[in-house]
2 protein chains.
Amino acid sequence: MGKLENFQTLIEQKLEGFCRKNGDERILQPVNYILQLGGKRVRPLLTLLATDAFTDELEPAVYPAIALEIFHNFTLMHDDIMDNAPIRRGKPTVHERWNRDVAILSGDAMLIQAYQLIIKTRSECLPSVMQTFNTTALEVCQGQQLDMDFQERTDVTADEYIEMIRLKTSVLLGGAMKIGAIIGGATEEDQKHLYDFAIALGLSFQLWDDYLDTYGDGLKTGKQVGGDILANKKTLLSIKALEHASEEERNLIIGVVSNLSNDEKIARVKDVYAKYRAAEFIKTTAGAYHQTALEKLNALSIEEHKKEGILQLVDKLKERTH
Amino acid sequence: MGKLENFQTLIEQKLEGFCRKNGDERILQPVNYILQLGGKRVRPLLTLLATDAFTDELEPAVYPAIALEIFHNFTLMHDDIMDNAPIRRGKPTVHERWNRDVAILSGDAMLIQAYQLIIKTRSECLPSVMQTFNTTALEVCQGQQLDMDFQERTDVTADEYIEMIRLKTSVLLGGAMKIGAIIGGATEEDQKHLYDFAIALGLSFQLWDDYLDTYGDGLKTGKQVGGDILANKKTLLSIKALEHASEEERNLIIGVVSNLSNDEKIARVKDVYAKYRAAEFIKTTAGAYHQTALEKLNALSIEEHKKEGILQLVDKLKERTH
């Protein structure tokens, strides 16, 4: 069994132990529920891989790693309320299964529980770990705020969109790796390289996700192709097209035209995307971030074989989306 | 100017500085708004008084003290959503002034900001401070959960009710004092005495509040006398009366009878309270907790004059309610 699988097993075990300890206390039932919906556990994996790159002593990183998964799921629980999302990983969301108040309050408890776990590390790294976690957590909230703000705007620029996904999704990957690096005893320079690596990787994968939603193989991605187009969702594709679109094309993209079948709408929006080379733009941008990520990994002061686990994870994530 | 006034001024200054630093960032506007609604700042006062009882070096307690006020206001922001409360301190609540999603997200940001401040203390007390804060914060959420659960029940016992208010309101007072004591370098025994003092004090004041809602002088308390009765609210008064009530009396108290004027309803419920000596019960219980609080203060290993600030605060809080 490879390193990645070992870490994955360790994370699942610790999450199970965490849920067992929560028992069936009312306020923690939704916490256990959302955690047991599964997921790839990318964030705790990144923490463990970062620690592992600098030391063999993994133990002090295990609970902070779990804390990052708990935090991530806390954001999902509250975002689902704000997005009125009925389904998460094929199951009812917490506010659907219980109600809005339960989702608010159990989410709050979950955030506090993340803090209970993040402090379970070596006391000499505690100030630095806490500071990184706090900054990251606040930025994730700012990202969600921007995402909501953007839904009411049609003039969002590509730079603004990238800043939003950086905050909403990438900084947590960056924070996860930086915390792992701190606990592993990395220099500040290496901490920053890993942080920047994860930011660039996160951006590249998010952009690829957006690309594949329109141009991917539905069987591989497990999503309805064209879902973003039908939902009039802001992505780098639509933003790029809107930059140049005529009024008619604009109305089509933002969803003012409503007398089209789903297939027709997807086809016509894709025509506009093609006209303004939106697919090329998103692919080039994603590719550039991917390149940056690899450069940051290269800049690390550690031996090549220490990076293997990280590269394995990158490949595994690629498989899913490429 | 007395010690208490000095601390109060210091707290207001630091809160102003905090809000200034938040600036007009969108997600933090509601944070500044709720903090600027005012309040007695009891929790940070308790922290500073506790530190002051053990050391002259107050500085390391200042930001943790502010953290407790931020946390308290975070709970108000989220509780107001759950309670559908339109007004807080005479102004629209955050979810009314903005909307539900803003109140959820800015509340989350506020909780994270509390953590940003709680860690600004001596690093050697950080693990203990964090642990106390986490435990307390989670208990406050559990208290809110119980409060919501109890609203759907008519068989809540006096013990259950007291456990609910202990969690919902008292543990944060206890946590505030314990954190102050830890930072002040108190022994674990003294930390516990101050914690127990604040718990007992909190229970006693909460019960007095409940008593005065029905039996107080509206001009002094600033509340509508009988408000709890009209809202069919669970308090130790109604719980005690329900223990012995006939079916007719029961229906009156829980609000099944609806053809009464406000004055009639208040008068008739008060008759039932009198019949079962509910007022005496709540007064005796509150008095016993007040007595316990003073005993805990007495048990502290410090000189009498070190307790003066704390006793001043107790008197000041009494003025408001007695």
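A word on domains before I start: their bounds come from an automatic or database domain assignment. This is a predicted model, in which local features need pLDDT of at least 70, side-chain atom pairs count only at pLDDT 80 or more, and totals for chains, interfaces and linings use all residues. Residues are numbered from 1 along each chain as its sequence is written, with chains lettered from A and ligands numbered from 1 in the order in which they are written.

For chain A, the assignment gives domain 1 (1-155) and domain 2 (187-322). Taken over C-alpha atoms, the centres of domain 1 and domain 2 of chain A are separated by 24 Å. I call two residues in contact if their C-beta atoms, placed from the backbone, lie within 7 Å. On that basis, twelve residues of domain 1 of chain A contact 13 residues of domain 2 of chain A.

Which elements supply the domain 1 side in chain A? Helix 1 (3-22) and helix 3 (42-52) of chain A each supply at least two residues. Helices here are DSSP runs of H or I, at least four residues, numbered from the N terminus. Helix 3 of chain A gives the most, with five residues.

Now the two chains. Their contact takes 27 residues from chain B and 27 residues from chain A. On the chain B side, the elements giving two or more residues are helix 4 (59-82), helix 6 (100-118) and helix 7 (126-151) of chain B. The largest share, eleven residues, comes from helix 7 of chain B.
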